[in-house]
Amino acid sequence: MSEPALHIDGVHKEFRQGENRLTVLDDAALTVQPGEFVALVGPSGSGKSTLMHIAGLLERPDTGRIRIAGADGSQLNDGARTRLRRTALGFVYQHHHLLPEFSAAENLILPQMIAGSGRREARSRALELLEQVGLSERADHRPARLSGGEAQRVAIARALVNRPDLLLADEPTGNLDPHTSDRVFDLLQGLARDAGLAALVATHNFDLAARMDRTLRIVDGHVSPA
């Protein structure tokens, strides 16, 4: 049996508020298998984003373990965590976070070159993905010249460009109108499934959650099936 794409076990996270401690995650645990699309839902302030940051090795828990495609991220130093993020993880956020001074294609080329690809190979891969998201004609446009939906489609392509094992999406359609949201989510899910990726998607949109393989709910710091 293959390793889970993501396995989180016994994660606890607290934050200080003055002299008080706020428990955000309390013995949180979840598993996402290769090729599985999982929704993560919960009220605002429930800890969804904190859990996503921990899953993405952007933040360390106080206790607990995080395994990504068989690698124990809990035991890695900062440099090794960065390398694992670069190769095994793809991120899509509510806002596209594209680099404004670079074109759509360059926003896809840069992460590949940082990961060690040559420029010609990286540009070929970038143009291939931009074609898949229907933006070949926008390859040389900077983010300011793209609509919100177009920018988010570029962000999806960027998340997939280094062929990750796991896609982490935090409210990926939260800034879009309902029609554009549906189209962007269909694209995200279709591309991820075609690539055989696992995905954990934090969302407030229960209609989107219902279109995934299963839904997890986070309440009082605990994760359970919805």
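The legends below describe close-up views of one predicted model.

Residues are numbered from 1 along each chain as its sequence is written. In this predicted model, local features need pLDDT of at least 70, side-chain atom pairs count only at pLDDT 80 or more, totals for chains, interfaces and linings use all residues, and side-chain values use heavy atoms, with hydrogens and water left out.

**Figure 1. Overall view of the protein chain.** The secondary structure comes to seven helices and 10 strands (DSSP runs numbered from the N terminus: helices are H or I of at least four residues, strands are E of at least two). The C-alpha trace spans about 50 × 45 × 40 Å along its principal axes. The radius of gyration is 17 Å, which agrees with the value near 17 Å for a compact globule of 226 residues (taken over C-alpha atoms; the globule rule is 2.2 Å times the number of residues to the power 0.38). Buried residues make up 49% of the 226 residues (buried, under 20% relative accessible area; exposed, over 50%; partly exposed, in between; 1.4 Å probe, protein chains only). Of the contacts with a separation of 6 or more, 70% are between residues 24 or more positions apart (contact, heavy atoms within 4.5 Å). The UniProt record, an unreviewed entry, places the feature "domain: ABC transporter" at residues 6–226; UniProt positions follow the numbering used here, feature names are shortened, and annotations may be inferred rather than shown by experiment.

**Figure 2. Strand E8 and its two parallel partners.** All five residues of E8 (residues 198–202) are buried. Ala198, Leu200 and Ala202 point one way from the strand, and Ala199 and Val201 point the other way. E3 (residues 37–41) runs parallel to E8, joined by four bridges (two strands pair if DSSP finds at least two bridges between them), with leucine 40 opposite alanine 202. E7 (residues 166–170) also pairs with E8 in the parallel sense, over five bridges, and here leucine 167 stands opposite alanine 199. E7, helix H6 (residues 178–194) and E8 make a right-handed β-α-β unit (right-handed, with the strands pointing away from the viewer, if the path from the first strand over the helix to the second runs clockwise).

**Figure 3. The largest nonpolar core.** Of its 40 residues, Leu108, Leu130, Val154 and Leu167 touch the most other members (a core is a set of buried Ala, Val, Leu, Ile, Met, Phe, Trp, Tyr and Cys residues joined through side-chain atoms within 4.5 Å). Elements that each supply at least two residues include E3, E7, E8, H3 (104–114) and H4 (119–132). H5 gives the most, with seven residues. Leucine 108 touches Ala126, Leu129, Leu130, Val154, Ala157, Arg158 and Val161, not counting residues up to four places away in sequence. A second, separate core of 30 residues includes Val24, Ala28, Ala55 and Ala88.

**Figure 4. The antiparallel sheet.** Four strands form an open sheet in the order E2-E1-E4-E5, with antiparallel pairing. E2 (20–32) and E5 (71–72) stand at the edges with a single partner strand each, so one side of each is left without a neighbour in the sheet. E1 (residues 6–17) pairs with E2 over nine bridges, and histidine 7 has threonine 31 of E2 as its bridge partner.

**Figure 5. Helix H1 and the residue that follows.** Six of the eight residues of H1 (residues 48–55) are buried: Lys48, Thr50, Leu51, Met52, Ile54 and Ala55. Just after H1, leucine 57 takes a positive phi of about 60 degrees.
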